[in-house]
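I opened this entry to keep track of what I looked up, one item at a time. The order is that of my looking.

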2 protein chains.
Amino acid sequence: MTTEIAEPVNQQLRLAQDLFIRRWGEMGQTWGINRTMAEIHALLYIVALPLSADEVMERLNISRGNASMNLRALCEWGIIRRNHRRGERREYFESLSDVWEIFSMIIAERKRREMDPVLETIRQCREMLEESAIGKGAAKEEAVRMTRQRLGSMEEFMLVSNKVFQQFIGNARSGLHKVVKLLLKAF
Amino acid sequence: MTTEIAEPVNQQLRLAQDLFIRRWGEMGQTWGINRTMAEIHALLYIVALPLSADEVMERLNISRGNASMNLRALCEWGIIRRNHRRGERREYFESLSDVWEIFSMIIAERKRREMDPVLETIRQCREMLEESAIGKGAAKEEAVRMTRQRLGSMEEFMLVSNKVFQQFIGNARSGLHKVVKLLLKAF
DNA sequence: CCATACTTTCAGTAATTTCTGAAAGGTAGG
DNA sequence: CCTACCTTTCAGAAATTACTGAAAGTATGG
């Protein structure tokens with residue numbers, strides 16, 4: 001009974017989901033995330049159900065290998081979860097449901113992978129330009145002073161950003177809402 | 001006189017700058033910015049001086065065409081500026097000096113290019129799933145309800161984020177410092 | 001400890017992105 | 001309106017990144 005009535009609805013649902021998935025994939029690309037990975041996450045998020053690798057590969061028209069690798073990467077980012085069912089061998093995957101939590105995970109991971117190494121490099125650069133490394137008089141040279149100043153500003157900016165992100169992460173869902181309210185009131 | 005003393009210093013300065021440039025280029029890639037574009041910006045930022053296209057291409061070992069295209073893209077992002085000198089034909093380029101301002105520009109541009117289109121798509125998806133589009137009973141189907149709920153959460157999240165960014169942008173340098181202090185005190 | 005039912009890996013290939021260099025396009029001064 | 005000097009464009013080449021599919025790996029129930 002349900003099927004006869006539901007068919008056009010399911011079609012429409014599918015269309016809407018596909019639209020979202022495609023757009024999300026495009027956005028991912030411009031943020032350095034490969035399109036398929038973004039699409040898989042969009043799919044799991046939008047259907048709001050656990051899906052097997054087979055269902056994912058069929059729905060997105062991708063190979064088994066591709067699905068497997070990207071599902072694993074998404075698990076490593078912590079934004080989808082593996083999901084065993086007793087009495088079944090097949091594994092299912094589902095997206096975290098809370099958007100705030102999803103973005104916390106992404107921010108935390110990006111900080112660790114990308115901000116931290118840059119901070120380390122800046123520290124190294126500053127060491128290379130210390131008086132002890134290039135001589136006392138030399139450190140006063142205009143070009144050196146300029147570069148040191150720029151390194152300092154960037155370091156300060158990134159340290160402050162990191163602290164802010166730390167707060168976000170530490171406080172996850174309720175914290176984020178709180179932060180936002182504060183921000184909006186502050187101006 | 002200066003040159004004899006300064007030579008090793010300049011070498012060391014160059015090394016430190018190159019280290020920063022290379023790392024910044026790597027980070028750019030993982031954020032969806034091509035390496036050369038990130039490197040050019042890193043160079044202009046770190047030397048804190050206007051450079052000509054020729055100087056850029058020589059320093060980074062890239063072709064004239066590549067330099068030209070990426071310098072133009074950076075200008076479009078608003079994070080470097082063209083710089084004519086009276087009595088000279090050659091153009092010079094320099095980075096914005098304020099890190100907070102640089103990131104404001106980047107955030108504003110990304111919002112416009114990437115967040116806004118996604119928001120538009122979400123609105124479209126929700127329309128496709130309204131009662132008027134699929135029938136009153138159908139709208140109650142579990143799968144439809146779930147997807148609508150997810151679309152709604154994502155839209156809310158992005159709208160709030162956009163508002164926050166708006167504030168950042170509108171307030172630029174002093175505003176950002178203010179925001180940060182508030183945030184850090186809030187917990 | 002085998003058969004089954006899945007998952008992961010990875011070498012080769014396809015698709016995409018980025019870069020080059022030469023030609024065409026400005027433009028300012030003469 | 002030329003010449004000298006720079007900048008931009010873009011077709012083709014190079015480099016990078018993503019994907020496939022088949023073989024190898026793993027775990028579970030009998």
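**Helix α4 of chain A.** I began with burial in α4(A) of this predicted model, and found A:Ala67, A:Asn70, A:Leu71 and A:Leu74 buried. I call a residue buried if 20 or more other C-beta atoms lie within 10 Å of its own, exposed if 12 or fewer, and partly exposed in between, with C-beta atoms placed from the backbone. Seen down the axis of α4(A), the buried residues fall within an arc of 105°, so they line one face of the helix; the arc is that of the directions from the helix axis to the C-beta atoms. An α-helix has 3.6 residues a turn, so residues three or four places apart point the same way. On the face of α4(A) turned away from the buried side I noted the exposed residues A:Gly65 and A:Glu76. The cover over the buried residues includes α2, α3 (53-60), β2 (80-84) and β3 (91-95) of chain A.

I then checked the length of α4(A). Its 14 residues should span 20 Å at 1.5 Å a residue, and the end C-alpha atoms are 20 Å apart, which agrees. The expected span is 1.5 Å times one less than the number of residues. After α4(A) comes A:Gly78, with a positive phi near 80°.

**Conventions.** I number residues from 1 along each chain as its sequence is written, and chains are lettered from A and ligands numbered from 1 in the order in which they are written. In this predicted model, local features need pLDDT of at least 70 and side-chain atom pairs count only at pLDDT 80 or more, while totals for chains, interfaces and linings use all residues.

**Chain A as a whole.** I listed seven helices and three strands in chain A, in the order α-α-β-α-α-β-β-α-α-α from the N terminus. Helices (H or I, at least four residues) and strands (E, at least two) are DSSP runs, numbered from the N terminus. Of the 187 residues in chain A, 26% are buried.

By class, the surface near DNA strand C has three nonpolar, nine polar and nine charged residues. I count Ala, Val, Leu, Ile, Met, Phe, Trp, Tyr, Cys and Pro as nonpolar, Asp, Glu, Lys and Arg as charged, and the others, Gly among them, as polar.

**Chain A against chain B.** I found 54 residues of chain A in contact with 54 residues of chain B, contact meaning C-beta atoms, placed from the backbone, within 7 Å. α7(A) gives the most to the chain A side, 18 residues. That side divides into 38 nonpolar, 11 polar and five charged residues.

How does chain A lie on chain B, and by what turn? A turn of 180° with a shift of 0.0 Å along the axis gives an RMSD of 0.0 Å, which is the relation of a two-fold axis. The superposition is by least squares on the C-alpha atoms of residues with pLDDT of at least 70 in both copies. A:Gly32 comes closest to the rotation axis of the residues of chain A, at 2.0 Å (C-alpha).

Conventions: Two residues are in contact if their C-beta atoms, placed from the backbone, lie within 7 Å.
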